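Visitor: Please show me the structure, and then I will ask about its parts in turn.

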Amino acid sequence: MTTSPSFDASESLRTSLNQLLDQLPQNKHGELIQLALTTLVRMTEGEIDRLDWKILNASLQDMERAFKVLYPYRHVRKISIFGSARIPSGTPEYQMAADFARRVTDLGFMVITGAGPGIMQAGNEGAGRDQSIGLSIQLPFEKGSNPFIEGDPKLVPFKYFFTRKLFFLRESDALALFPGGFGTLDEAFECLTLCQTGKSLPIPLVLIDRPGGGYWHDWVEYVQKQLLKRGLVSADDFSLFTITDQLDEACDIITRFYSAFHSCRYIGNRLVMRLNIEISDEAVDHLNHNFSDILVKGQIEKSHALPQEAQDMSIGKSRLLLHFNQRDLGRLYQMINEINRLGCADEETPRPERK
């Protein structure tokens with residue numbers, strides 16, 4: 001008697017699960033894998049519809065593809081370029097996006113786009129295939145990706161916008177937004193929301209327009225009139241982004257952000273800022289004088305790498321430790337800019353180091 005394909009698949013899954021469970025104690029991520037499996041088992045015990053399972057499965061497949069494709073480039077700094085799919089080649093905005101992508105790859109960054117036409121195509125064209133990553137979305141009215149990323153192994157297709165956005169933000173070390181429609185504005189506000197709330201670690205956000213263009217200036221006038229004046233955002237939130245119509249300034253903003261500052265993470269209830277330089281005691285005193293308002297308690301202190309950073313010991317040359325209030329992110333951006341000014345006042349801005 002022959003067995004059914006479904007029976008064979010179940011037996012294969014059972015074997016794989018048993019092997020995985022046996023290997024969990026030796027797996028360096030075993031505890032997290034066990035938590036994920038436990039969550040999945042717990043979901044099977046509840047009332048969940050077939051559509052819910054289809055959404056879960058498609059989301060996991062989106063993430064599986066992205067994790068596998070992007071893993072080899074995890075230590076390379078990347079810039080995501082957003083903008084309209086409807087802007088044709090030959091326009092000033094298209095040419096600026098292509099020139100910007102070319103410049104930042106010359107500086108050592110890779111470029112991520114949505115892999116579509118318009119500004120996305122300009123980004124892939126300027127960066128070149130070797131330095132391009134594409135995160136495409138399946139849409140009924142768009143067929144395939146732009147010719148500069150189509151067929152590339154670094155092109156990742158997504159079913160859902162939310163999983164795609166996750167990887168745009170997770171992988172990016174800077175964000176550059178050119179003029180666009182609803183999608184671009186959605187990406188702009190979501191990026192700002194994640195930066196404002198601390199759900200994204202600090203990264204530079206640059207809004208770029210053609211020389212003399214008013215797209216982003218009109219946008220910020222609306223934000224000032226309808227949000228700032230009504231107290232719906234704070235004045236410090238405007239430190240989260242910069243508007244420019246000059247590519248030299250756009251590139252300088254991004255490279256300068258990583259001149260002294262490298263990255264940050266939370267260890268316990270303290271924010272650990274990792275620096276590319278050894279900051280002086282005088283500079284730390286200056287920071288304490290000017291940024292004590294963002295501390296819950298204590299002072300900003302110098303430190304070496306902490307024991308909890310076992311995998312990150314080689315990152316940077318020193319640390320700053322602070323009990324950040326996790327609320328005033330605009331002020332934290334101001335502090336990072338001040339650290340870069342203090343640490344690299346007389347130094348040439350380096351090419352971006354590996355993460």
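Visitor: Where does Lys-143 lie?

Guide: This is a predicted model, in which local features need pLDDT of at least 70 and side-chain atom pairs count only at pLDDT 80 or more, while totals for chains, interfaces and linings use all residues. Residues are numbered from 1 along each chain as its sequence is written, and side-chain values use heavy atoms, with hydrogens and water left out. Helices (H or I, at least four residues) and strands (E, at least two) are DSSP runs, numbered from the N terminus. On that numbering, Lys-143 lies in the loop between β3 and β4 (155-158).

Visitor: Is Lys-143 buried or exposed?

Guide: Buried means under 20% relative accessible area, exposed over 50%, and partly exposed in between, with a 1.4 Å probe and protein chains only. Lys-143 has a relative accessible area of 75%, so the residue is exposed.

Visitor: How far apart in space are Lys-143 and Asp-312?

Guide: In sequence, Lys-143 and Asp-312 are 169 residues apart. In space, C-alpha to C-alpha, the separation of Lys-143 and Asp-312 is 42 Å.

Visitor: What is the relative accessible area of Ser-132?

Guide: Ser-132 is found in strand β3. Not counting residues up to four places away in sequence, Ser-132 touches Met-110, Val-111, Gly-123, Asn-124, Ala-127, Ile-149 and Lys-154, where contact means heavy atoms within 4.5 Å. Ser-132 is buried, with a relative accessible area of 0%.

Visitor: Which residue of β3 is the bridge partner of Ile-112?

Guide: Two strands pair if DSSP finds at least two bridges between them. β2 and strand β3 (residues 132-137) pair in the parallel sense over three bridges. In β3, the partner of Ile-112 is Ile-133.

Visitor: Which helix does the chain pass through from β2 to β3?

Guide: A crossover is right-handed if, with the strands pointing away from the viewer, the path from the first strand over the helix to the second runs clockwise. The β-α-β crossover from β2 to β3 is right-handed, and its helix, residues 119-127, is α5.

Visitor: Which residues of β2 point the other way from Met-110 and Ile-112?

Guide: In a regular strand the side chains alternate between the two faces of the sheet. Strand β2 (residues 110-113) has Met-110 and Ile-112 pointing one way, and its four residues named here are all buried. Those pointing the other way are Val-111 and Thr-113.

Visitor: Which residue in β5 stands opposite Ser-80?

Guide: Strand β1 (residues 78-82) pairs with β2 in the parallel sense over three bridges, and in β2 the bridge partner of Ser-80 is Ile-112. β1 also pairs with strand β5 (residues 174-177), in the parallel sense over four bridges. There, the residue opposite Ser-80 is Leu-175.

Visitor: How many residues of β1 are buried?

Guide: Lys-78, Ser-80 and Phe-82 are on one side of β1 and Ile-79 and Ile-81 on the other, and both faces are covered. The number of buried residues in β1 is five of five.

Visitor: What is the volume of the largest pocket?

Guide: On a 1 Å grid over the protein atoms alone, a cavity is a set of points where a 1.4 Å probe fits but cannot get out, and a pocket is an open set with protein on both sides within 12 Å along at least five of seven lines; lining residues have an atom within 4 Å of a point. Grid points are joined across faces, edges and corners, and a volume is the space filled by probe spheres set on the points. The largest pocket is lined by 40 residues, of which Phe-67, Arg-74, Arg-170, Glu-171 and Lys-355 lie nearest its centre. Its volume is about 1700 Å³.
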